[in-house]
Amino acid sequence: MRTPRWFFLIFLLCLTFGSAHAERRVALVIGNSAYKSVPKLANPVNDAALVGGMFRNAGFDLVEIKTDLNIAETRKALREFGLRSRDADIAVVYYAGHGIEVDGINYLVPTDAALEVDTDVYDEALPLDRILATIEPAKQLRLVILDACRDNPFAGTMKRTVASRSIGRGLAKVEPSSPNTMIAFAAKAGSTASDGDSKNSPFAIAVVERLPKPGLDLRKAFGFVRDDVLRSTAYHQEPYVYGSLGGEDLSLVPAAPAVGAQADPQEAVRRDYEFALQLGTRDGWTVFLTQYPDGFYAGLAKGQLNKIAAEEARAEAVDKARQAEQEKARLAADRANKAEQEKAAAAAKAAEDNRLAAEKAKRVEEAKAAEAEQRRKEAEAAVAKALAEKQAAETALADSIAREKAAAELTAQKQAATETKDKNDNAMKVADLPPTPSQPSLSPQETIKLVQSELRRVGCMTGATDGDWSNASQRSLTLFNKFAGTKFDTKLASFEALDAIKARPGRVCPLVCEHGFRADGDTCVKITCRANYHLNGDNECERGQDKKPVATRESPKGADDERKQVESTPSKPQARSSGQMICSSAGCRPVKPGCRIEQRKYFSTSATNFATEVCD
């Protein structure tokens, strides 16, 4: 009988102390600032220290902070972190530094990357999928936080091996294939993030402020991060989250049971009491009283022990009465003398009296235990009711505060949007702006040459790429805006316009040829007619008709009068083709007879003219 007893004791202890076991949480933090081929970044190292400290303060079991890693060091850090996090429930990787998107794939750029050619990313950078593979074994949550959406500093000097290969602005949208995986960008796909004016980026500050809130669901936490960053950047930067989680709340830091939610301080005692009550053995109550020797539940446990003692006494009395009856029957069967029979009868009666007394004592103890259990349930119900009323009042107050805060934030958003619009309307646009740390380090003349070269490629410019943003160059960008549907400022050659033109794989502006020439692909070639054919006004070859002269005899006087009349009459213009060609997106054709080409403005405010066919 000892084995089952110890089994139940071990079971009770496991239930009592099992809740103390916490989930295992690990984090890897990387911050790259000291790049060798591009200007140094000021914030990533500071951001890594700030975020790493946040994870340590949140009680993470393992936090590794790495800064200024080259490609080999980055691979080693990921490999070692993957080995140490295999048994983790929550695994997090935070990266601050440069990132780049090539052909829709996101890469993290180590400090020693040069990226002189677009294919260098395969050797000198790490794809985002490598990070996801590192944290794949995590059981409950896999989280990647990327503060790497800065402008790509390598785009200005990187050579393309294939003209159609795209190099994006910021990072590309991702869709994680593993469940319970979340990827947070400092700025949504296709846009760039700001480093801010302080030693830490707005995104890092918001992450440290919102994520460690105990019990706060990650989706809601990153929603707060988004709101904070939008406000701090005047609504220019919007963080974004990709991936999906299940229906249950999932927080980075577990909720504090006794502080935040005002939980019942006797919750653990009550839970252990119910376990011991289900077990219902002397050993179980002994363990409970050893753990909780005083208090309300200790008194209940002692009553349960008394109940068990009464049951044991009753069972012992019943056994003695049974034995006495058996002895009395034996003596009668053996025909013992009268004295021995009377003695046995007296012993049997005494045993029966003891049994009845034990039964009565058992009923008394059971009544006491039932009454105590009823008092316990009533007390717990009263406490639960009070807690529910208090939580309802706190929830109502929190909802009221949240509504007031939302209204204030909406007003602030509208005011900020109005101020931003006024600022943009009044700002002067200057062509030759000095390069900023977030833009490629190119001189204004080099930028203009790149834009002119791309305009020539798409058929919108015929002049030389001389680095002078003249009126002809501005007209060429206006043509691109017209046929590409864009609205770039034609007064300056911007990086945004350069990226948009590069994204066009072929001709955008139509080809226009003079009379006597026809369009052949991207060039105009001269039209050559075969023998006995000539070029007419419609720019087509037609067969010539020779008219033989007819000899007539006229009087000299009549011929002289007719000649004078013809000379005195002014000549009338004849409707004939001008020999010009006009081209559009549908192709090229000759100008109709009696029509002409005029140069007209496309917009009333534009200084650029466009060829238009006019018929009187």
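**Exercise 1.** Determine which sulfur separation joins C460 and C509, and characterise this link.

*Solution.* The sulfur atoms of C460 and C509 lie 1.8 Å apart, and the two residues form a disulfide, a term for a pair of cysteine sulfur atoms within 2.5 Å. The model is predicted: local features need pLDDT of at least 70, side-chain atom pairs count only at pLDDT 80 or more, and totals for chains, interfaces and linings use all residues. Residues are numbered from 1 along each chain as its sequence is written, and side-chain values use heavy atoms, with hydrogens and water left out.

Next, the handedness: with 90° about the S-S bond, the link of C460 and C509 is right-handed. C460 lies in the loop between helix 12 (444-457) and helix 13 (471-484), and C509 in the loop between helix 14 (495-502) and strand 10 (517-520), so the pair ties together parts 49 residues apart in sequence. Helices (H or I, at least four residues) and strands (E, at least two) are DSSP runs, numbered from the N terminus.

Finally, both C460 and C509 are buried. Buried means under 20% relative accessible area, exposed over 50%, and partly exposed in between (1.4 Å probe, protein chains only).

**Exercise 2.** State how many disulfides the structure holds, and describe the pair C529 and C541.

*Solution.* The structure holds two disulfides. In the pair C529 and C541, the sulfur atoms are 1.9 Å apart. The torsion about their S-S bond is about -80°, so this disulfide is left-handed. C529 sits in the loop between strand 11 (523-526) and strand 12 (533-535), and C541 in strand 13 (residues 541-543), 12 residues apart. C529 is partly exposed at 21% relative accessibility, and C541 is partly exposed at 34%.
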